[in-house]
Protein chains: 2
Amino acid sequence: MKEGPDIALIGSLIGDPARANMLTALMGGRALTATELATHAGITLQTASSHLSKLEAGGLLSQRKQGRHRYFQLAEDEVGLMLENLMGFAASRGMNRHRPGPKDPALRKARVCYNHLAGDYGVRMYDSLIAEKQIEINGDDLALTPAGQTRIEALGIDYSALKKLRRPICRTCLDWSERRSHLAGSLGEALLTLFIDRGWAKREANSRAIRFTASGEKAFSELFPQ
Amino acid sequence: MKEGPDIALIGSLIGDPARANMLTALMGGRALTATELATHAGITLQTASSHLSKLEAGGLLSQRKQGRHRYFQLAEDEVGLMLENLMGFAASRGMNRHRPGPKDPALRKARVCYNHLAGDYGVRMYDSLIAEKQIEINGDDLALTPAGQTRIEALGIDYSALKKLRRPICRTCLDWSERRSHLAGSLGEALLTLFIDRGWAKREANSRAIRFTASGEKAFSELFPQ
DNA sequence: TTCATACTTCGATCGTAGTCGAAGCATCCC
DNA sequence: GGGATGCTTCGACTACGATCGAAGTATGAA
């Protein structure tokens with residue numbers, strides 16, 4: 001009768017609107033304090049605190065104390081992937097929290113998916129990397145080809161440092177707006193950081209949206225031709 | 001602030017234990033009546049009825065009237081994929097509803113994932129099909145190669161009939177026990193049906209487990225060498 | 001028609017979980 | 001030290017939703 005893993009547990013964790021709002025806020029990739037998350041969810045600090053401890057107990061969140069602040073973030077990449085997946089499903093059922101607003105196109109164009117680039121730009125980058133055989137699919141795993149390695153090192157990404165991490169370097173993540181894969185993993189994170197460090201793009205405050213500058217778009221398109 | 005799809009809605013649908021039990025029961029692939037689902041969930045018929053209408057309104061279930069029975073099933077393949085995905089996540093967090101029981105190994109070996117084969121056997125079949133280049137990955141899509149087409153037609157599967165359906169023929173699904181991909185889609189369904197029709201395997205009653213016969217295992221291993 | 005089965009709807013109950021006010025720690029700054 | 005600020009814990013309130021009994025509808029059988 002009762003077989004397999006307990007989906008009701010995660011379901012109920014995500015099922016509360018306040019918690020869901022916090023989680024989506026954390027999909028922005030930044031670590032947020034309890035107070036920030038409380039305002040995101042539209043609740044008082046006390047209730048937020050109780051929600052946060054539940055999410056942490058459920059393994060969805062991890063926290064880091066810094067002085068008198070407590071920074072929360074998604075516990076692992078997998079949490080972000082799972083959430084993006086759920087969003088994709090919800091979107092396919094037309095479950096939206098609002099009628100598409102002015103922010104919506106910006107989100108679809110480029111946004112943060114926990115720590116990497118998603119949206120149209122994320123998918124374009126992924127497709128380009130595949131087309132140029134810089135990453136390739138081996139069974140279930142995505143791997144950097146030798147050509148890809150030299151390529152990203154030329155961009156200034158420290159490949160050996162990525163390799164030392166326990167996390168997978170390349171990983172696919174299903175995009176909810178495009179319904180296609182894009183690149184996650186430590187390389188996905190490194191690339192997004194690169195774009196921001198080079199001033200090609202900026203994270204918008206209080207949003208998952210990423211705004212590319214005009215020159216940033218040009219550089220991006222040259223780097224990842226379609 | 002409130003961006004993107006509403007994950008809280010699906011979360012709350014899945015978050016109720018009774019509903020989660022019904023959904024996992026329906027992952028067995030058979031269409032079940034309201035009464036059967038009520039007993040699966042351990043609740044009375046009245047409450048089951050209310051849960052079922054909520055699940056249907058949420059687009060997770062569809063129903064089909066047949067005489068005085070009402071058969072429920074997962075609305076689409078995507079629902080099954082999403083649920084299996086969630087189970088994978090739950091399993092990776094150690095969220096199990098029971099300490100692994102005697103049924104557990106059987107489930108991990110071979111089980112139904114809504115309408116196709118999952119577990120060790122599902123993954124083995126998938127790997128074998130990939131290794132022999134009968135299916136291949138093109139970007140996000142999985143496709144049958146010409147060699148694969150002749151192969152499955154030789155097995156007695158009507159390829160042109162599959163092609164006429166709106167559903168994708170090949171599709172990957174993430175296995176929660178193996179944490180690897182296996183084959184879903186209409187071909188995945190057709191293959192499982194084939195195994196059962198040929199008497200190689202049987203569905204267990206009231207369980208997702210699939211039991212292969214000795215000769216069935218042999219035939220399966222010959223068909224999909226490792 | 002009459003009875004039985006399958007299911008839904010209504011109404012009432014009950015529990016639990018989300019919520020906040022108030023008080024209690026902890027950390028930082030002056 | 002004293003007084004902010006950030007967060008947690010406690011306790012009480014409340015509301016929502018899960019639950020079931022009882023009555024109502026639909027289909028089928030006799």
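What is the relative accessibility of B:Asp127, and what does the residue count as?

Modeller: B:Asp127 has a relative accessibility of 30% and counts as partly exposed, a class that lies between buried (under 20% relative accessible area) and exposed (over 50%), with a 1.4 Å probe and protein chains only. This is a predicted model, in which local features need pLDDT of at least 70 and side-chain atom pairs count only at pLDDT 80 or more, while totals for chains, interfaces and linings use all residues. Residues are numbered from 1 along each chain as its sequence is written, chains are lettered from A and ligands numbered from 1 in the order in which they are written, and side-chain values use heavy atoms, leaving out hydrogens and water.

The partner of B:Asp127 is B:Arg180, and the two form a salt bridge (a side-chain nitrogen of Lys or Arg within 4 Å of a carboxyl oxygen of Asp or Glu), their closest N and O atoms being 2.6 Å apart. The pair links distant parts of chain B, 53 residues apart, since B:Asp127 sits in helix α7 (residues 120-131) and B:Arg180 in the loop between β8 (171-174) and β9 (181-184); here helices (H or I, at least four residues) and strands (E, at least two) are DSSP runs, numbered from the N terminus. B:Arg180, at 31% relative accessibility, also counts as partly exposed. Elsewhere, salt bridges that share partners join A:Glu76, A:Glu78, A:Arg171 and B:Arg93 into one network. For another setting, B:Arg111 forms a salt bridge with B:Glu84, with the closest N and O atoms 2.8 Å apart, and both B:Arg111 and B:Glu84 are buried. Over all chains, a search of the whole structure finds 27 salt bridges.
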